[in-house]
Amino acid sequence: MDRELESDAGDGAPPEADGVIELRLYIAGQTPKSVAALANLRRVCEENIAAGRYRIEVIDLVEQPARARTDQIVAIPTLVRRLPAPLRKVIGDLSNADRVLVGLQIDP
């Protein structure tokens, strides 16, 4: 599973526009922990980041195991904020929204 989830920009603007937060979630298959992490991430983004201001890419390491090494992922699920720099990582099921936001240095 390699997929991208974009928030609804509403105007068809590309997500690469300035100020867009790019997130990458590493999971391993459709385990309960992976499914929960994705659901929690969607909830955190929808409740704390304006629509059109974030982009989520999901990388399934079962399908692409080499990505774990190249992207230096040591635990799953791992959420990586790619943009804006610097790169930030949060490990876990992302159930604590406050912890996720602090870890990613995102102000709601």
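**Buried charges and their partners**

Analyst: Gladly. Glutamate 22 has a relative accessibility of 13%, and therefore counts as buried. Please keep in mind that this is a predicted model.

User: What makes glutamate 22 count as buried?

Analyst: Buried means under 20% relative accessible area. Glutamate 22 stands at 13%, so the word applies.

User: Which residue forms a salt bridge with glutamate 22, and how do you know that it is one?

Analyst: The partner is arginine 82, and the closest N and O atoms of the pair are 3.6 Å apart. The rule asks for a side-chain nitrogen of Lys or Arg within 4 Å of a carboxyl oxygen of Asp or Glu, so this pair qualifies. Glutamate 22 belongs to strand E2 (residues 21–27) and arginine 82 to strand E4 (residues 78–83), so the bridge ties together parts 60 residues apart in sequence.

User: Why is arginine 82 called partly exposed?

Analyst: Its relative accessible area is 34%.

User: What does arginine 24 pair with?

Analyst: One of its partners is glutamate 57, with a salt bridge of 3.0 Å from N to O. Arginine 24 is in strand E2 and glutamate 57 in strand E3 (residues 54–60), so this pair joins parts that are 33 residues apart in sequence. Arginine 24 has 11% relative accessibility and so counts as buried; glutamate 57, with a relative accessible area of 16%, is buried.

Arginine 24 also meets aspartate 71 in a salt bridge, at 3.8 Å from N to O. That pair links distant parts of the chain, 47 residues apart, with aspartate 71 sitting in the loop between helix H2 (66–70) and E4. Aspartate 71 has a relative accessible area of 22%, so it is partly exposed.

User: Which residues are linked in a network of salt bridges?

Analyst: Arg24, Glu57, Arg67 and Asp71 are linked in that way. By the rule above, the count comes to 4 salt bridges.

**Helix H1**

User: How do you know that the span of helix H1 agrees with what it should be?

Analyst: Helix H1 covers residues 32–48, which is 17 residues, and at 1.5 Å a residue it should span 24 Å. Its end C-alpha atoms are 24 Å apart, so the two values agree.

User: Why are the buried residues of H1 said to line one face of the helix?

Analyst: The buried residues are Ser34, Ala37, Leu38, Asn40, Leu41, Val44, Cys45 and Asn48. Looking down the axis of H1, they fall within an arc of 165°, so they line one face.

**The whole chain**

User: What is the order of elements, and how many helices and strands are there?

Analyst: The chain has 3 helices and 5 strands. From the N terminus on, they run β-β-α-β-α-β-β-α. Buried residues make up 44% of the 108 residues. Among contacts between residues at least 6 apart in sequence, 71% join residues at least 24 apart.

User: Where does pLDDT stay under 50?

Analyst: Over residues 6–17, for which the model has 13 contacts beyond four places in sequence. For the chain, the mean pLDDT is 86, and 84% of the residues reach 70 or more.

Key. Residues numbered from 1 in each chain as written. Predicted model: local features only at pLDDT ≥ 70, side-chain atom pairs only at ≥ 80, totals over all residues. Heavy atoms only, no water. Helix = DSSP H or I, 4+ residues; strand = E, 2+ residues; numbered from the N terminus. Expected span 1.5 Å × (residues − 1). Buried < 20%, exposed > 50% of the residue type's maximum accessible area, 1.4 Å probe, protein only. Arc of directions from axis to C-beta. Contact = heavy atoms within 4.5 Å. pLDDT = per-residue confidence, 0-100.
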